[in-house]
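Dear colleague,

I am handing over the structure we spoke about, and below it you will find an account of what was found in it. Please read the text with the structure open beside you.

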Amino acid sequence: MEMAWVWTGMVTLSLVFGLASGELDAVAGAALEGARSAIELSLSMAGILCLWSGVMEIMNACGLSAGLARLFRPVLRRLLPDACRDEETLAAVSANVSANLLGLGNAATPLGIRAARRMARGCGGTASDELCRLVVLNTASIQLLPTTIASVRAAAGCAAPFDILPAVWMASALSVAAGLLAAWALSRGRRR
């Protein structure tokens, strides 16, 4: 609801200043150009997201995503020991991490929600420390192939959309480490 007020305020201010400066035609032209650009970006992103979702489905069908999920289970058992006692929750968390590694945030979100719902049972309305760590892992997510970002860059006309890989690897590893460290520090502070 608040964002509706923000957008309404921005549009109103644009119209008022456009009218006051005599540039109302320029404001209208910019609005139409922005709408056209948004449609073009949405259509090109839809195609690229369909491609990568298809790749994820092929990986699921051939068992590659399950193998990738198995690879991360030892780490996840250390980070989320209570959640990993339930095989279905562990499978959802593993698949979530795997999808995030491939930069498929749209595919990772339903898996993360499923894992969070299973982990939230019995919490009494307050998130457990493990649930908070899952949120950190899902939100900060280390990405080996930032497919969504590369898709946006390709749609914007970038000749080499994956040339950002080293920066993405470093930034995502640092964000996950910082998030997990903060979650650990806050959970220890709460227990005192």
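A word on terms before the findings: helices here are DSSP runs of H or I with at least four residues, numbered from the N terminus. Please also keep in mind that this is a predicted model.

I begin with the largest pocket, which has a volume of about 210 Å³. Helices α3 and α4 each supply at least two residues of its lining, and among the lining residues are Phe 72, Leu 76, Asn 96, Val 97, Leu 137, Ser 141 and Val 176. Sorted by class, the lining holds nine nonpolar and three polar residues, with no charged residue.

One of the lining residues, Leu 76, also belongs to the largest nonpolar core, a set of 19 residues in which Leu 76, Leu 80, Val 93, Met 119, Leu 134 and Leu 137 touch the most other members. Helices α4 (87-101), α5 (105-120), α6 and α8 (165-191) each contribute at least two residues to this core. There is also a second, separate core of six residues, which includes Met 56, Met 59, Ala 99 and Ala 108. When neighbours within four places in sequence are left aside, Leu 76 is in contact with Pro 81, Cys 84, Leu 90, Val 93, Ser 94, Val 97 and Leu 137.

Arg 77, a residue of helix α3 (residues 64-79), is in contact with Cys 84 and Leu 90, again leaving aside neighbours within four places in sequence. The C-alpha atoms of Arg 77 and Leu 90 are separated by 8.3 Å, although the two residues stand 13 residues apart along the chain. Arg 77 counts as partly exposed because its relative accessibility is 43%.

Ser 141, another residue of the pocket lining, lies in the loop between α6 (129-140) and α7. Its phi is near 25°, a positive value in a residue other than glycine, and Ser 141 counts as buried because its relative accessibility is 6%, where buried means under 20%.

Finally, in helix α7 (residues 147-155) the buried residues are Thr 147, Ala 150 and Ser 151. These residues lie on the same side of α7 because they cover an arc of only 105° around the axis. Just after α7 comes Gly 157, which takes a positive phi of about 100°.

With best wishes

Conventions. Residues are numbered from 1 along each chain as its sequence is written. This is a predicted model: local features need pLDDT of at least 70, side-chain atom pairs count only at pLDDT 80 or more; totals for chains, interfaces and linings use all residues. Side-chain values use heavy atoms; hydrogens and water are left out. Buried means under 20% relative accessible area, exposed over 50%, partly exposed in between (1.4 Å probe, protein chains only). The arc is that of the directions from the helix axis to the C-beta atoms. A nonpolar core is a set of buried Ala, Val, Leu, Ile, Met, Phe, Trp, Tyr and Cys residues joined through side-chain atoms within 4.5 Å. Contact means heavy atoms within 4.5 Å. On a 1 Å grid over the protein atoms alone, a cavity is a set of points where a 1.4 Å probe fits but cannot get out, and a pocket is an open set with protein on both sides within 12 Å along at least five of seven lines; lining residues have an atom within 4 Å of a point. Grid points are joined across faces, edges and corners, and a volume is the space filled by probe spheres set on the points. Ala, Val, Leu, Ile, Met, Phe, Trp, Tyr, Cys and Pro count as nonpolar, Asp, Glu, Lys and Arg as charged, and the others, Gly among them, as polar.
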